[in-house]
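Reader: I have just opened this model. Could you show me how to read its strands and its core?

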Amino acid sequence: MTGETLNAFRMAQQQFDHVADLLHLDPSIREFLRWPMREFHFRIPVRMDDGEIRIFQGYRVQHNDARGPNKGGLRFHPSETIDSVRALATWMTWKCAVADIPLGGSKGGVIVDPSTLSIGEKERLVRGWVQQMWTNIGPRRDVPAPDVGTTPQMMGWMMDEYSKLVGNYTPGVITGKPVGGGGSLGRTEATGYGVIYTIREAFKRLGMDPKKSTASIQGFGNVAQYAAIGFKDILGGSVICVSYWDRDDRKAYTVSNDTDFDPVFLQSITDQYGAINKEKAVAAGYMIEDADAWLKKEVEVIIPAALEGQINAESVHWINPSVKMIAEGANGPTTPEADAVIKEKGIFMIPDFLCNSGGVTVSYFESVQNDGNYYWPKQEVLDKEDHILTRAFNDVYEMAESEKVYMRDAAYMVAIARVVKAMQLRGWV
Ligand code: NAD
């Protein structure tokens, strides 16, 4: 267990404590929400291809289900810890509440490097996870989804295992399934487009013209690709660079083109891990710059959409004075020290659990479609997502205006108030 991962839960508790103070939250409610309601720690035996049995450590943390069944991804990562899972479960509670979808917050994990497993070993591991947890998950209890290190195919195997154990086809036990296997159209675009819907609303509130705006993006994976496409196609603005991690060179690069940036072309030369083919990019007129160049660009909007902790005490000072808005596509891209500087500078912040809540929103739509056994066309999914994110953005913006608080604090205030209300209505507190 590393200090860094321990800090994630401490950070989640600190953020909560700060807003609990602003809300003058009752001490018993505060004590309830600082910790997850339930945690499951279990061992998963898996027969490996060589015939040996290997034992894996698994977790599921259910932070709070006052507003509905718990919802959250399942991570396969070698440095997964109970504290990182607790932090992520807590943030899921706030994310679902701020989007006002009727779900609670959870997260799961297995300590494993999935790239070291064969396909058969992965299948036996995810089926083993379900065998340990099936009495405590379900469409009305807790609904897992893919996350770091897990894939739609694994969700399909997990749904199959659960359905066999309960004796009924139950697609709503898990989301992020492949389309054709109970998945929803629009899930691939959902998080990146959601980022764009919140930016569009922010432009309106700030009186900025999207068509005259430029953006710089960190990352070029699922979220960043659709944020880049949406910034151009939905908003009519221009993206001038993205960045990515180059596995061969073991470093990150910024890929830029100030005049003719085409995200769809770049997507066509990007692999499934979000790595751009830099030779092809150079041949097409793109410039390859160092990893930090994306943050120094003269643009109106920056969209960190790669990793946590990228805007920190040092790098926050590289942000160009032209930047008016930060839209956090990634989870936790800004450290608390950097956040204080951004607040001081008056840069408009769209905080992560509001900005990237489009993903969980369409996951919620997937379970609604599974329940109804009726599947919506893609445009209907995206229109419904837009409606939810527009409302969520405006709820948070109005809270920030009326209480004169920073957007991140306002998002917490909206989310915590909704969870507390549900707990009170149910007579828990
Ligand atoms: P991804 O794995 O598809 O893409 C990650 C991208 O970041 C890749 O292009 C990779 O090359 C790049 N990258 C990695 N290290 C980098 C570095 N040091 N510098 C620059 N680029 C780097 O991941 P994703 O699904 O797009 O998720 C990105 C972020 O968004 C994560 O924080 C994730 O938790 C968050 N998020 C994702 C979703 C979703 O639906 N995919 C939903 C909510 C939040």
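Author: Strand E3 (residues 70-77) runs parallel to strand E4 (residues 105-111), and 4 bridges join them. Strands are DSSP runs of E with at least two residues, helices are runs of H or I with at least four, and both are numbered from the N terminus. Two strands pair if DSSP finds at least two bridges between them. This is a predicted model: local features need pLDDT of at least 70, side-chain atom pairs count only at pLDDT 80 or more, and totals for chains, interfaces and linings use all residues. Residues are numbered from 1 along each chain as its sequence is written, and side-chain values use heavy atoms, leaving out hydrogens and water.

Reader: Which residue is the bridge partner of His-77 in E4?

Author: That partner is Ile-111.

Reader: What order do the strands of the open sheet have?

Author: The order of its 5 strands is E1-E2-E4-E3-E5, with mixed pairing. Strand E1 (38-47) and strand E5 (142-146) are at the edges with a single partner strand each, so one side of each has no neighbour in the sheet.

Reader: And which residues touch the most other members in the largest nonpolar core?

Author: A nonpolar core is a set of buried Ala, Val, Leu, Ile, Met, Phe, Trp, Tyr and Cys residues joined through side-chain atoms within 4.5 Å. Buried means under 20% relative accessible area (1.4 Å probe, protein chains only). Here the core has 70 residues, and Trp-94, Ile-199, Leu-266 and Ile-350 touch the most other members. Helix H15 (residues 407-425) gives the most to this core, 12 residues.

Terms used
Buried means under 20% relative accessible area, exposed over 50%, partly exposed in between (1.4 Å probe, protein chains only).
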